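Hi,

Here is the structure I promised to pass on to you.

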Amino acid sequence: MCELMVIQPDPSCSIFLSSRLPIQLATDIQSTRSVRLVEQQCRTFNTCLTYPNKMPRNHHDHLDEPFITHLLTLIETEDIPYDPEGVLPAVFLATLLSLNLHYKDTRSNKICNVLKSRSHATHLTENASRCF
């Protein structure tokens, strides 16, 4: 017999998600050039988004195509100048996946829309396949 594990919304994560924290983290992720700091920012961002709490509508306006394009561009970049160890593509993939949890249908899914506009996503699929 298979039991499904249901994750309940967490009140503390709801507070973080409803605050300006995810928007500020997204802004910082785009402007920071320190690998360790970007990793910490992405982990905090992912923590805010991975619980099944509903994201406020105004967050969708700020976590939009330019932010997603920035993450995808860095995933697809062969050598990120400030990431000599190459750890950021996997971190950015986790960030995209945590953001993807908040889209219910493919028509409004900004990640899918950005991917449709790209000619390829080779490194994205390679990083995704390493995770499984």
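Below is what turned up, starting with the charged side chains and ending with a pair of helices.

Please keep in mind that this is a predicted model. A search of the whole structure gives 4 salt bridges. R36, E39, R43 and E85 are joined in a network of such bridges. Within it, R36 pairs with E39, and their closest N and O atoms are 2.3 Å apart. Both residues sit in helix α3, 3 residues apart, or about one turn of the helix. E39 also meets R43 in a salt bridge at 3.7 Å, N to O; these two are 4 residues apart in helix α3.

R36 has another partner, E85, at 3.1 Å from N to O. This pair links distant parts of the chain, since R36 belongs to helix α3 while E85 is in the loop between α5 and α6, 49 residues away.

How buried or exposed are these residues? E39 is buried, as its relative accessible area is 8%. R36 is partly exposed at 45%, whereas R43 at 52% and E85 at 56% are exposed.

Helix α3 (residues 35–50) also holds N46, which counts as buried because its relative accessibility is 12%. Leaving aside residues up to four places away in sequence, N46 touches V91, A94, T95 and S98.

Finally, the axes of α5 (residues 65–76) and α7 (residues 110–117) come within 10 Å and cross at roughly 60 degrees, so α5 is oblique to α7. Their crossing is right-handed. E65, I68, T69 and L72 of α5 meet K110, I111, V114 and L115 of α7, a contact of 5 nonpolar, 1 polar and 2 charged residues.

Best wishes

Conventions. Residues are numbered from 1 along each chain as its sequence is written. This is a predicted model: local features need pLDDT of at least 70, side-chain atom pairs count only at pLDDT 80 or more; totals for chains, interfaces and linings use all residues. Side-chain values use heavy atoms; hydrogens and water are left out. Axes are lines fitted to C-alpha atoms, for helices over the stretch in contact, and angles run from 0 to 180 degrees between N-to-C directions. Angles under 35 degrees count as roughly parallel, over 145 as roughly antiparallel, 65 to 115 as roughly perpendicular and the rest as oblique. A crossing is left-handed if the near helix is turned anticlockwise from the far one by less than a right angle, and right-handed if clockwise. Contact means heavy atoms within 4.5 Å. Ala, Val, Leu, Ile, Met, Phe, Trp, Tyr, Cys and Pro count as nonpolar, Asp, Glu, Lys and Arg as charged, and the others, Gly among them, as polar. Buried means under 20% relative accessible area, exposed over 50%, partly exposed in between (1.4 Å probe, protein chains only). A salt bridge is a side-chain nitrogen of Lys or Arg within 4 Å of a carboxyl oxygen of Asp or Glu.
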